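Here is a short report on core packing and strand pairing. Please keep the sequence and the structure open while reading.

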Amino acid sequence: MQLIQLFTRASLLAITICVLVHPTGIAVAQVDRAGLDGTVTDSSGKVIPDVHVVAEMPDTGLRRETVSSPTGTYDIPELPVGIYTITFNHPGFKTLTFVDVKQVIGRTRTLDATLQVAGGEERVEVSTSSEQMDKSSDALGGRIEKVQAEQLPINGRNWTTLSALVPAAVDTGGSNQRSIRFAGRGRDDDNYTYDGIDATNIINQPQQPYVRLAIPLDAIEEFRIDAMLATAESGATGGPQLAVTSSSGSNRWHGNAFEYLRNNVFDAQQPVPVTTAPQPPLRLNQFGGAMSGPIVPDKTFFFLAYEGYRQRWGFPLLGYVPSSAFRARVLADSPELGPIMNGYPLGTAPTSDPDIDQFSSEGTQVVSENSAMIRFDQRFSEKTTAFVRFNYDRAVNTQPLASSGNYLEDLQQLTSTPVNGAIELLHIFNPSLVNEAKFGYNRGTANTYDLNHTGTPYAVSVSGFTTLNNNRISTGVGNSFSWIDNLTWIKGRHTVKGGVEIRRIQLNQGNTESGTITYASTAAFDTNSVSSATLNGNLPVNGLRKTQFYGYIQDEFKWTQNFSMNLGMRYSFFNVFHEVQGRANPFDFATCGPQGFCGVGASFGQPNYGNFDPRVAFAWAPNNNGRTLIRAGFGMYHEDGQLDDQNLPISNEVFAYSLSNKTIPDLSFPLTPFLSDTTGIVSPRAQDRRRKDTYVEQWGLSVQRQLPADFVATVSYVGSRGVYLLTLSEVNVVNPATGLRPYPDFGQVSWRGNKDDSSYNGFSVAVKRTFSRGLLISTNYMWSHQIDDGSNGSGDGDSLVPQNVACPTCERASGIWDARHVLNANAIYQLPFGPGRPYLNQPGILRSIAGDWQLTSVALARTGFPVNVLVNRSAASTPDGNSTNQRPDLVPGVSVTPPGGKSIGEWINPAAFAVPANGTWGDAPRNIARGPGAWQIDFGVARSIRLSERAHLEFRSEFFNIFNHPQYGLPNATFGVPGFGSITQTVNTTTPVSPVGSGTPRQIQFALRLAF
């Protein structure tokens, strides 16, 4: 730790010196654009000053110019992503022109030029491998090209699926923003941006799992994922930086229309649970199109995209309901139970109990999603450009609502409406000074509607019948408003960037009242004798607000032609929430004393002002040809984490009511008369008001090498340490020595703070050939080990309550998503037959048959995740009264692996565990077992039919999990319950369960696409 502190101080000093020597303004990030730099020399290696350098984008007519410095260096920052022609001109030398230079998102490309004496012109085609050589950072990650988004088989056409195809990514199953993790970090450490604008779901960083089209694939030009070691200008969190840039129009008209079709006829059965029932009916359609072109050539352009998703998936319903005879008897004996009785559907088959019928039917999961994007680009002059972009998406998922694993006719509807917009103005003051100003708006919603047939807010539990659900409505809306300014200043060998962002956060959350009514038996239900009832009051929509400030400064310093450094500092002020009407009531024993409650309107806590994060990296080419690069870097990364974990004080507004026939002998439905005589209580939820902001230290070393045939190989070591990670725990537990609670006026209280710690080490090998001459190949292998105290990030989805809350370090073990070996690969291959290709390029029958075919494939493989074996225990049996996440004892000498080896029916050996004695904690370590690994290969074949010189029709067949390899989920891990140790689900079980994404059985999809 002392070494890190020393390094931090040294970095601060170095960056301060750079800033003092080369003062500049402040800005935010070139995360959605590209840069171009290099050195100009003559044939003897001497630098040439005053060379006129021109970068021109033929598609739009965009033209940027500069001249080389006295040291021969040049730099053209803030270039839109795309294909350029680069020209170098100087009196007395040949004009040198590089054609088809691809500028990619989030990277500065180094393009050195050697001018030859004499007149005329020399034209050079740049190797595609050179665009992969990163000479400005040591970031670990990768870029997804537009051709990958357009051509690779993607089950559900969710752009996030492609993010699993970079180093350090692991798909836990489902291929959405909530299932793909990076470099040992939690999902709420992810930072999503679209054209440099916040694109998270705000309430949580990832979008809801049923949102697939927040950004339509056609609206993506390309995107980059820096899993680790992002620079000061782009690294806003300790997790991956996922930066997407939108497509824009050009001087040529382009358009497409498409339809993707799936149904159950071509799908394989789920491997578990084993069933002989027919395949549930499925009808899935994805359709849409895009159009772009000029409004005023060379001046004004537009781009428009739309995509729709329609899904109807059969859902078997099975439950237990009152028989017709019992129904009539209850309505005669207790007519006031009519609303409840109407909530049960009619039975379809009798059981051995005359009061109970079995109900079976067919439900349907209905999903509808519509997503659109429109963008306008305007070039006011050679020095001033602007664009406006707006995205809208609405996803609605309606499906049967389960109750204890059974289904009646209750429904749950999930809705989310992501919205994102950006306005940008870019002005070039001179070739050495460029400013970019932006305004961005982002909106994420997550609303849940539980729809029952009783019309009451209560779930009704009657022994023997399937429980009826309540009709609770939960509302969650997040808005962010961002004001951003970026400035880039070039001085000699220095490219200094800096920026500020002011972000206003709005979080509006609430829910309706809900409760439970319990009848001990069917006889008690007949007489309307309620055993117990609870009701949690209505939480009115609370408005949480805070304003955040970010800033950074960075110097990309080309020390020599083959050695460059990137020195940066980022500052983050995250602030704390306040409720707009002062209704929230924080609870914290540590700062508010024995009364716990801090008072209505009290502060949520104290903000942290000291979040300064140094970043440093270097890139060294040992020989001047630049084919080999050695890179290293270090950085610190503070983050705000999940905003939904910072709202606990609003839950302390809600009163809870508990009623029992032990104190109210005549308790019955309806409950309203009894509630008026019952005093509600608040079950407090505690939040550490002195919490520290999470931060991550990252370091790495890599070697990059250009290989023959345009391949580039990168070998990397990376490491990180997470500090002040989100911690879930319980306070006011029983003192084992005295048997008393510290604060006797309260029971056990759930608590959130930031105290946990994690570590990560990884070794990566990546080989990629970007798409050129009809071929793209990308392969990434990662060995890694992640260890934590029970939390690997800053969201509650990646944290758990310790078994012994007094010993959080006793939880230290491999993290829940620790996969030691991960491999991903993808390929696109255009067969070399047909017009414009090496073979069969002349008209004829063979060209008609064999021409214009394409093969694509995606492969994912990983080893198993840890399994945390738990045991159900009562509060009275544990030393401190905490019954959460309790583990069993290990039986000495008995292996966790079953004697006959691991199988789906018995993956974990039950004989290896025992229930702990009363008053003791279990001695089994956390995450003692490992689940099964998973792999799948997707394959696509497409044929393009040319309709005219510019139009073609493509027919595509895609096979997901083509070998139908079962991808099993984790085994049931609660010791002592039926089915312990067996595997009863697949990996693709994210709620709501979906027939798309990774981890499904074999599925076949057909597509038709018209493009011009």
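## Strands E28 and E29

Trp483 stands opposite Ile502, a residue of strand E29. The model is predicted. Strand E28 covers residues 473–491, and its pairing with E29 is antiparallel, over 18 bridges. Two residues lie between the strands of this hairpin. Gly492 takes a positive phi there, near 60°.

## The other partner of E29

E29 also pairs with strand E32, residues 539–560. The sense is antiparallel, and 17 bridges join E29 and E32.

## The largest nonpolar core

The largest nonpolar core holds 43 residues. Which of them touch the most other members? They are Trp159, Leu162, Phe182 and Phe223. Strand E15, residues 220–228, gives the most to this core: five residues.

Phe182 has contacts beyond its neighbours within four places in sequence. Among them are Ser163, Val166, Ala168 and Ala169. Asp190 is another contact of Phe182, as are Ile225 and Ala227. Pro240 and Leu242 also touch Phe182.

## A separate core

Another core lies apart from the largest one. This other core has 31 residues, including Val460, Phe669, Phe674 and Leu675.

Key: Residues are numbered from 1 along each chain as its sequence is written. This is a predicted model: local features need pLDDT of at least 70, side-chain atom pairs count only at pLDDT 80 or more; totals for chains, interfaces and linings use all residues. Side-chain values use heavy atoms; hydrogens and water are left out. A nonpolar core is a set of buried Ala, Val, Leu, Ile, Met, Phe, Trp, Tyr and Cys residues joined through side-chain atoms within 4.5 Å. Buried means under 20% relative accessible area, exposed over 50%, partly exposed in between (1.4 Å probe, protein chains only). Helices (H or I, at least four residues) and strands (E, at least two) are DSSP runs, numbered from the N terminus. Contact means heavy atoms within 4.5 Å. Two strands pair if DSSP finds at least two bridges between them.
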